[in-house]
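Biologist: I would like to learn how to read a model like this one. Could you walk me through a few features?

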Amino acid sequence: MSIDVEDWYTAQNLAAGVPRDSWDTQPRRVEATMGRMLDILAQKGVRSTCFILGLVAERHPALIKRIAAEGHEIASHGTMHDLIYDIGPDRFREDVRRSKKTLEDLTGQRVDGYRAPCFSITDFALDILREEGFTYDTSVFPIKGHRRYGTIAGQRTDCDIYEIRPGLTEVNVSAMPILGKQFPWAGGAYFRLYPYAMFRAGVRRILASGRPYVFYTHPWEIDWEHPRPIGVRMDDVFRHYHNMHRCQARWTRLLGDVQWTTCRELIASGIGRTR
Ligand SMILES: [Zn+2]
């Protein structure tokens, strides 16, 4: 189970309607929504890997301390939610270094894992992650056709967890092979789009085949009352808000329907290294 811990106003889907120079004055909702997620995780006895945005950690230190105290894995989602291919190597290094330090200073936990904003991973980013002390990345969405997802040399679909660079493990986010094509099956908008029973059947099919399953969500996905800025593309509005009012109940159900662990523990288990 993984949660990309960011506030609604940093979501890439809404970027056209929420310019960065307005972020300081936007209503902050992540403390309440992530708090609700933590309550549900505790009720269900599930521990998650939390890929926390550095900006959220800087603005809400008590929230990050609570996440760590409740036994979840602390990992990095960068600091400012820039798409990696937009900012280049130098700014990327600064961005991940800042987030890792902030999270480690706040929690006393070592931060091993990274997930790129919008899966915008690049080859230069992998080298920098290794140099900055990360041991795994989970930013490969092994499907084609999404305009923001990145691709990297050496990414695989024949196994789910593999060494992408010396000393750096890649954990693919889950996709479902159907008739020779890969369909997104890992959460986000797709989790809200497909009927729940169909989604769960897919998850069980992946697990039954001996593969691990990697799910991701965000605190704003259970916050159906967050602002609806104007000026956002219609496909992004759909992707962002579709079925959001059902997401909390669905996610709560999914937590009970499947057995979960953190990314760090999944890697240590050795599951998914071969198929
Ligand atoms: Zn994100």
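**Reading the model**

Modeller: Leu 179 is exposed, with a relative accessible area of 87%; exposed means over 50%, buried under 20%, and partly exposed in between (1.4 Å probe, protein chains only). This is a predicted model, where local features need pLDDT of at least 70, side-chain atom pairs count only at pLDDT 80 or more, and totals for chains, interfaces and linings use all residues. Residues are numbered from 1 along each chain as its sequence is written, and side-chain values use heavy atoms, with hydrogens and water left out.

Biologist: Where is the place of Leu 179?

Modeller: Leu 179 sits in the loop between strand E8 (175-178) and strand E9 (181-184). Strands (E, at least two residues) and helices (H or I, at least four) are DSSP runs, numbered from the N terminus. Although not a glycine, Leu 179 has a positive phi of about 50 degrees.

Biologist: Which residues are the protein donors of the zinc ion?

Modeller: Donors are N, O and S atoms within 2.8 Å of the metal (3.2 Å for Na, K and Ca); water is not among the atoms, so sites may look incomplete. Here Glu 6 (OE), His 77 (NE2) and His 81 (NE2) lie 2.0 to 2.1 Å from the zinc ion. Glu 6 is in the loop between strand E1 (2-5) and helix H1 (30-44), and His 77 in the loop between strand E3 (73-76) and helix H4 (84-107), so the pair ties together parts that are 71 residues apart in sequence.

Biologist: Is His 81 buried or exposed?

Modeller: His 81 is buried, at a relative accessible area of 3%. Its phi is positive too, near 65 degrees.

Biologist: How do I read one side of a helix?

Modeller: An α-helix has 3.6 residues a turn, so residues three or four places apart point the same way. In helix H3 (residues 61-69), Leu 63, Ile 64, Ile 67 and Ala 68 are buried. They cover an arc of only 135 degrees around the axis, which puts them on the same side of H3; the arc is that of the directions from the helix axis to the C-beta atoms. On the other side of H3, Ala 62 and Ala 69 are exposed.

Biologist: And a pair of packed helices?

Modeller: Two packed helices are described by the angle between their axes and the distance between the axes. H4 and helix H5 (residues 123-131) pack at about 5 degrees, with axes 10 Å apart. Axes are lines fitted to C-alpha atoms, for helices over the stretch in contact (heavy atoms within 4.5 Å), and angles run from 0 to 180 degrees between N-to-C directions. H4 and H5 are therefore roughly parallel to each other, a term for angles under 35 degrees.

Note on methods
Parallel < 35°, antiparallel > 145°, perpendicular 65-115°, else oblique.
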